[in-house]
Amino acid sequence: MVSLPTSLNDAVAAGQQAMTLDAAVLAKLTDMAGDFAINLSIALIILVATVIGAKWASRITRRALSRVRGFRHDQTVVSFVVQVVRVVVYIIGFIAVLQRLGVQTTSIIAVLGAASLAVGLALQGTLSNVAAGVLLLVLRPYKVGDVIEVGGASGSVQRLDLFTTQLSNANNHKIVVPNAKVLGEVIVNLTGQKTRRIELLFNVGYSANLKQARAVLAGVAEAHDKVLPDPEPWAGVTNLLDSGVEVTLQAWVEVDDWWQVKADLVEGVKEGLDAAGIEIPFPHQVAVPYEPPAPGSDPVRTQKPEPEPQPPAPAPRRRRLGRKA
């Protein structure tokens, strides 16, 4: 039988050992919590520094590209490169935050590399927009500020992003077109050249003096101060219609003056033709008196005459048969 002092000594030794183990675990947990708090604080600092650094890098990139003569008046390339720099800085900062929090970024990169095929197939539309944006940046069929027509939409280019092209039409509607659709469609750049032609079609009557009509159209264009002298304005007969003769006016102007000059020429030609006594044919409506015929008898309501009564037919006579002697 174990003596009482020995049992007490064993109990005391076990208690001391348990307390020592608890103290070690507590110290380990305290160290881990302290390390995590320090790493979390550093990660937050890195995250804030990433946001500030992305803005600073974007500002420096925009300022540096704006000093380049080729990009000074073209904000398309500048905005695109600035956005790429911002995304790159965010990616670097995100990786640094993960490393500080103890996440093995090499394993994450390996997983992303293994899943790149699946991600590429799932996001092929988005990746095609990025590739199309890069090609649009290289080919440069338009720049910020140009008025284009693409995919059934028209408007002024506001910005070219990694994924979309943003337009603004005359009604100040914001139009967003994916870059892949822009690259796959026919792009009509209405302001891609310095000059632009105005073409107006007018109809005059068959009895009008065509030479005089042509002189009126050409004179109105030549008298306008915004119409370019070279190429000179041209007016000619272009078609014979059912109710008139088509006369066309062509004049060249600067791109920025196209809308206003077109409105001025339409007004000036109308006033010039009126002053010359040349009629512009238009549809007429002629009132023809119409008298409906007198209504006839209604065959449904007309009563048919009743048939006359017929006398009864006479009854047939019976023959009497005599007796023979």
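Is Trp259 buried or exposed? Trp259 counts as exposed, at 65% relative accessibility. The model behind this value is predicted.

## The tryptophan pair

Buried means under 20%, and exposed means over 50%.

The two residues make up an aromatic pair. Their ring centres lie 4.9 Å apart. The planes of Trp258 and Trp259 stand at 90°, so the pair is edge-to-face. The count of aromatic pairs comes to one.

The charged end of Arg196 sits over the Trp258 ring. The distance to the ring centre is 3.8 Å.

## The five-stranded sheet

Five strands form an open sheet with antiparallel pairing. Their order is β4-β3-β2-β1-β5. The edges are β4 (174-178) and β5 (188-189). Each edge strand has a single partner, so one side of each is left without a neighbour in the sheet.

For β4, look at its pairing with β3 (residues 164-168). Five bridges join β3 to β4, and the two run antiparallel. Leu167 stands opposite Ile175 in β4.

Val247 lies in strand β8, which covers residues 245-254. Val247 counts as buried, with 1% relative accessibility.

Which residues does Val247 contact, leaving aside its neighbours within four places in sequence? They are Leu200, Leu201, Phe202, Val204, Arg214, Leu217, Gly236 and Val237. Take Phe202. Val247 and Phe202 are 45 residues apart in sequence. In space, their C-alpha atoms are 5.2 Å apart.

Key
Residues numbered from 1 in each chain as written. Predicted model: local features only at pLDDT ≥ 70, side-chain atom pairs only at ≥ 80, totals over all residues. Heavy atoms only, no water. Phe/Tyr/Trp six-rings, centres within 6.5 Å; stacked < 30°, edge-to-face > 60°. Buried < 20%, exposed > 50% of the residue type's maximum accessible area, 1.4 Å probe, protein only. Lys NZ or Arg CZ within 6 Å of the ring centre and 35° of its normal. Pairing = 2+ DSSP bridges. Helix = DSSP H or I, 4+ residues; strand = E, 2+ residues; numbered from the N terminus. Contact = heavy atoms within 4.5 Å.
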